[in-house]
Structure formats: C-alpha cells, structure tokens
Amino acid sequence: MPKTPEEIAAEEAAAKEAADAAKDTDTPEAKLAAALADAEKWKALSKKNESRATENAEKAKKFDESEEANKTEQEKLQARAEAAEKKIAEREAKDAAAEMAKDVAKEKGVPAEALRGSTREELESHADQLAAILPKTPAAPSADGQGGTGDPIGEGELSAADIVAAVTNK
C-alpha cells in the first residue's frame, strides 16, 4: 500500500537531518552514515514519485473515460465513417493489386497466385523468373481439317446405325 504524503515527507526530513549530521564529521563511520542517509533520502523520493505516477495513471484513465463519454454523437459517427472509408480504401488497393497480378500472369503465362510483388515491374520480373523455371505446356493439336468454323455439328457425320455397324465389324 502506498505511503501517505505525510509519511513520505517525514521520511525525507529524517533522511535529510541524518545526512546533515553526518556531513559534520570526517570519520569513515560518519561518511558511511551520510551515505546511508543519502540512500534513504533517494529511496523516499523514489517511493514518492512512484506514488504520484500511480495516482496520475489512475487520473489519466478516468480523464480518458470522461472524454469518451463526452464525445458527441456526431464525433462518434465521424469516427465510424473514417474507419469504414479506411477499410474501403484498403480493399480497393488489394483488389487493384490482384487485378494487376492477374493481368501480368495472363501476359506471361504463369499462375497469378504464384506472383509476388507490389508494383507492376516487380510482378513482371517475378513472372519472368517463374516462366523460366516452370515447364512449358505443349501446344494443343491443330484443328485443321476438323471442319469449318461455325458449321453446325452433326452435318455430314456418320449416323448412329453407321457407328454401330463400324463397331460390330471389328
């Protein structure tokens, strides 16, 4: 339990008197007594400052609570609006970065999830590094001679009976 200001003041006065009395003599015992008295004085001052700091912390907490209680409704709404705008801005920045990574991935032929970087240059550099180490996917076989573009499917093909006959003749 912290000491009262009166107790601390009494300890300080006693320590000061002991230090003054010890200064009058030059014997080692007197010097030791003076040093001990000086140490007691500093301990008392330290306890006093610690007590004040505790009181000030409690007062500061109460002050903060009263300030929060005294905020107007408009100030509270303003704070909520600012927080929401900050979240929206962060989300838009994240979406723009993801879109940029998607574009770079499409251009370079690498997965967008694998790209790292915050600028287009960093993303492109990383995409080039990935493209160099990822295996190349083989090109799909050509569709030449497979029919014309836009022709309806099924015209000119085998009928169901022709297919059954072809399978059963083997």
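Mentor: Before we count anything, helices (H or I, at least four residues) and strands (E, at least two) are DSSP runs, numbered from the N terminus. This is a predicted model, in which local features need pLDDT of at least 70, side-chain atom pairs count only at pLDDT 80 or more, and totals for chains, interfaces and linings use all residues. Residues are numbered from 1 along each chain as its sequence is written, and side-chain values use heavy atoms, with hydrogens and water left out.

Trainee: Let's look at α4, then: which of its residues are buried?

Mentor: The buried residues of α4 are Leu123, His126, Ala127 and Leu130. They lie on the same side of α4 because they cover an arc of only 105° around the axis, the arc being that of the directions from the helix axis to the C-beta atoms.

Trainee: Which residues are exposed on the other side of α4?

Mentor: Glu121 and Ala132 are exposed there.

Trainee: What covers the buried ones?

Mentor: The cover over the buried residues of α4 includes α3 (73–108), judged by contact, which means heavy atoms within 4.5 Å.

Methods
Buried means under 20% relative accessible area, exposed over 50%, partly exposed in between (1.4 Å probe, protein chains only).
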